[in-house]
Each structure stands twice: as structure tokens, then as C-alpha cells.
Amino acid sequence: MIADAAIARVAAIEAERFRAANPRTFAHHAAATGWFQSVPFHWMKDWPSPVPIVAASAKHATLTSIDGQDYDDFCLGDTASLFGHSPPALAAALIRQATEGLSYMLPTERGAALSEKLAAMFGLPQWQVTTTASEANRAVIRWCRGISGRRKILTFNGAYHGAVDDAFVDLKAGTPMMRASLIGQVHDLRDTTTVIEFNDEQALASALRGGDIACVLAEPVMTNVGMVRDAPGFLSTLRKLCDETGTLLIFDETHTISSGYGGHGTVHGPKPDLMVVGKSIGGGVPCAVYGFSAEVAERMAALNAARPAGHSGIGTTLSANALAITAMDAMLSDVITPTAYDQMLRGAARLVAGLEQEIAAADLDWHVTQVGARVEFLTCLTPPHNGSEAKTAMHPELEAATHLFLANRGILLAPFHNMMLVSPVTGDDQIDRLVGAFADCVRALKE
Ligand code: PMP
């Protein structure tokens, strides 16, 4: 539909346009020789612009660069700022905590109230805090292996759960392979990670039947390989098969918290045995949580009681520091509310309708997928059913050209696939600007 030559032409024009509009950004990168490849964290090189935009500040759903450009921000820190940049209630709580000490290695009363809020929102009774969602996923895998005495875990092809090496096994033409991009891992993870396609009930049944899998680690809707929706009945079959085989079910709701208040499992079911939420739960302050059922808590306590004192391999010094607890408490009290979700879902519906209209008007064989406040356009006609189909449908050059075109019109998409997030403070005018720029981009690509 869109010719490769047109993609290359648009990419070249937009790279030049970016260069002309961002002199200070280029000067910054030229001078930033102390950072490896000019950035403090190498993922920041993944943006499609010739060099990453250098942020000056962000407020609500607008980010401002050091070149003075304002961006309608639909990346929102890749979900960390899903509820808007620096919500006032969060900022006030952080300022207060900053004067009262930041890290004590002791519980606080505010922390006790927070655990109750987590239980009420997500429907699981017991919680622990980590510093990142990656760390929370590593922790729950460890607990599940520990309490079940089983070595293996199961993940879905194309999934991403953070810096969790156990989940870096993919299917290539049906054969499990270590993800080629993984750096410095010397163990063959295929010995202990079983990977199958999402939505494949038969493969799931036969993998779990052996009774040697400690846990299934899943996003209830895949969000990191484009978006792959659960086929009708798949998640309830997953729940049933886990119950029948004594396998623990973990939902990583770090991204699918976009689904609605309480996350995907709460809104649509089924209920997992354990769940992980990171990123947005602290509004951008590094923290994450994992919750679990009373039965899992009992088994964890028994395991703890039976092992000798010493390092458990779970958690770090800064886990549950006072700043993180305060951040989450402010977010759950005042920012992550049912009203906020009403606003996000309304905005997301406006975005979906606008994009669908432009795709139809341009007669493109693309489609739009939505998981609550998380919206994505995929450059294929039929929604992918699993990770392999989603990978085949991806078009990195087309994505990069589109993202750069939009960035040059003051709109930021996440650098990873075509993900757009609608926060409670994203304005209709911002959504309409995105839809308008998307239409202009499509026209440029079709010229
Ligand atoms: N789980 C999911 C579903 C994610 O998408 C990510 C990050 N994109 C993570 C976990 C890890 O989050 P973090 O990088 O903050 O540890």
C-alpha cells in the first residue's frame, strides 16, 4: 500500500527538518561525551529522530524540549506518566516527603494505608514493593518457583516483561530460541522457560499437563509486540488449566492497567494468583508492586519459615523506600481514580474514532487496537492473533518515518511500535492534532 521508496523519501525529508528545527538538541549531544553514546541510558537511542529530543520539562500531557518545542505527549514516559506528568497531588506529597527523609529501611504508617488501597483497587489481599516492574516480575517468578518446587516457567512468544532474562525466549518458526538481542546471558534459558504462542489453547494444555511448570507469566493482552488481544475464552481457559495443573498464574499488568480501574484482570477477569504493576503506579517515581492471594501468601510464609536466614535473592536496599511509598499513596489516593479512567477512556475513544476515520479515508489496510487508554495503529488489516503474526506485521521503517513526521509536528508517540497513551489530562485539542497530523503523514506517504 505504502511504497518503500515513499517511506525512505519521507524519512529523509523529516530527518532534515528535525535537524533544522533542533540546533540546541544537536549541540547538547555533541557535548555529552561523558555519556555512552551521548545518553545516560542506551534505550534513549531508540527514538526515530537523528538524535533523541532533549527534554527540558513536562506538565500534564505536554513535554517541552530544550529547543523550546512543545510536544503533545502520547508516549508519557512509556507508561510511567500514564496519568499525566507531575500530577499536583503527587508533586505536593513528594515535596513533603523530601523534607522528612527519603529511605529508612523501616515501614511507615503511610505504607499500611497504601497496602489497603492496593488491595481495594486490585482485589488481592497481600502486597510487596519493588523498585521496578522488572524487579517485581523477577521476584514473583522466584516466589513461584520457591513455593511450588517446580523449575520451569511459561511465557508467550513476543512477550516483554522487563529486564527478566527468563522471559527472553522466543519462537522462531515454532522453535524456541534465545532472544538474539539479549546481552551477556550465558545460560540456556530454554531449559527452564517454555514458550508458546498466545491464544494457543492446545499448546497451553499440553505444556501445563506435565505438571512441571511453576507459573505462567502473562500480560492479559500482549502490548509489547504491537497489541495482541486475547481471543474469546482464552484467558478463562488459561485460568482453568492453571487450576487443574497446580500452576500459578501471574498477570503482569504494568501496561494493561490502561484497561480500566483495577487493571485488566479486575475489569474483565479472570483473577490471577499474583499480579505485578509498575511504572505508572508511582507516577514516574521508580517503584512497582506485586500482589498475591491469601493462599499464595501462606505458602510464601511457610517457605520463608523453612529456609535459613540470609539473602533471599528477592528485593534490594531501596525497595519500599519512603519516597516510593509516598508516591504510590498519593497516586492511589488522588490521581488513579475511577474519574480519571472515565476521562482517559473517553479521550481514547475519540482517538480511535479519529484514526479509524483517517485510515478508511486513505483506504489503508491498517487497523486500530485499543486496551482502554492504550491505543495502537497496526500497519496490517487483520489484528494479529499471536506474537509471530504480530512480528510479521511490523514495519520498522514505516514506523520510524511516521513517528518522526509526527514529532516534527509536535506529537510524541512511544518509540516502541505505534503506541499512544491517553492520560486524564490529555486534551481533546491534543487528540485532534494527533489525528490531523496522522492524516497529513499518510498523505505524504502516499504521494
Ligand atoms: N512489564 C511490562 C508489560 C512492560 O512493558 C515493562 C516495560 N516496558 C516492564 C514490565 C518492565 O518495566 P520496567 O522497565 O519499569 O522495569
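**Close-up views of a predicted model**

View 1. Residue numbers start from 1 along each chain as its sequence is written, and side-chain values use heavy atoms, with hydrogens and water left out. Helices (H or I, at least four residues) and strands (E, at least two) are DSSP runs, numbered from the N terminus.

**View 2. Atom pairs at the ligand.** Look for the polar side-chain atom of Lys-279 that sits 2.6 Å from a nitrogen atom of the ligand. Asn-224 has a side-chain N or O atom 2.9 Å from an oxygen atom of the ligand, and a backbone N or O atom of Ala-133 lies 3.4 Å from a ligand oxygen atom. Taken alone, the ligand exposes 390 Å², and the protein buries 88% of that. Accessible areas come from the Shrake-Rupley method with a 1.4 Å probe; for residues, only the protein chains shown count as cover.

View 3. Most residues other than glycine have a negative phi, and most peptide bonds are trans. Between Gly-269 and Pro-270 the peptide bond is cis, with omega near -10 degrees; Pro-270 is in the loop between α8 (263-268) and β11 (274-277). Met-105 is not a glycine, yet its phi is positive, near 60 degrees. You'll find Met-105 in the loop between α3 (88-98) and α4 (109-122), exposed at a relative accessible area of 65%. Ala-320 also isn't a glycine and has a positive phi of about 60 degrees. Ala-320 sits in the loop between α9 (294-306) and α10 (322-335) and is partly exposed, at 31%. The cut-offs are under 20% relative accessible area for buried, over 50% for exposed and in between for partly exposed (1.4 Å probe, protein chains only).

**View 4. The second largest pocket.** About 810 Å³ of space lies in this pocket. Of its 32 lining residues, Trp-127, Gln-128, Val-129, Ser-319 and Ala-320 are the closest to the centre. The lining includes at least two residues from each of α4, β4 (126-130), β12 (288-292) and α10. By class, the lining splits into 17 nonpolar, 14 polar and 1 charged residues. On a 1 Å grid over the protein atoms alone, a pocket is an open set of points where a 1.4 Å probe fits, with protein on both sides within 12 Å along at least five of seven lines; lining residues have an atom within 4 Å of a point. Grid points are joined across faces, edges and corners, and the volume is the space filled by probe spheres set on the points.

**View 5. Asn-408 and its partner.** Asn-408 is in helix α13 (residues 396-408) and is buried, with a relative accessible area of 19%. Its side chain makes a polar contact of 2.7 Å with the side chain of Glu-14. A polar contact is a pair of N or O atoms within 3.5 Å; within protein, one must be able to donate a hydrogen and the other to accept it, and residues adjacent in sequence count only if both atoms are side-chain atoms.

Terms used:
This is a predicted model: local features need pLDDT of at least 70, side-chain atom pairs count only at pLDDT 80 or more; totals for chains, interfaces and linings use all residues. Ala, Val, Leu, Ile, Met, Phe, Trp, Tyr, Cys and Pro count as nonpolar, Asp, Glu, Lys and Arg as charged, and the others, Gly among them, as polar.
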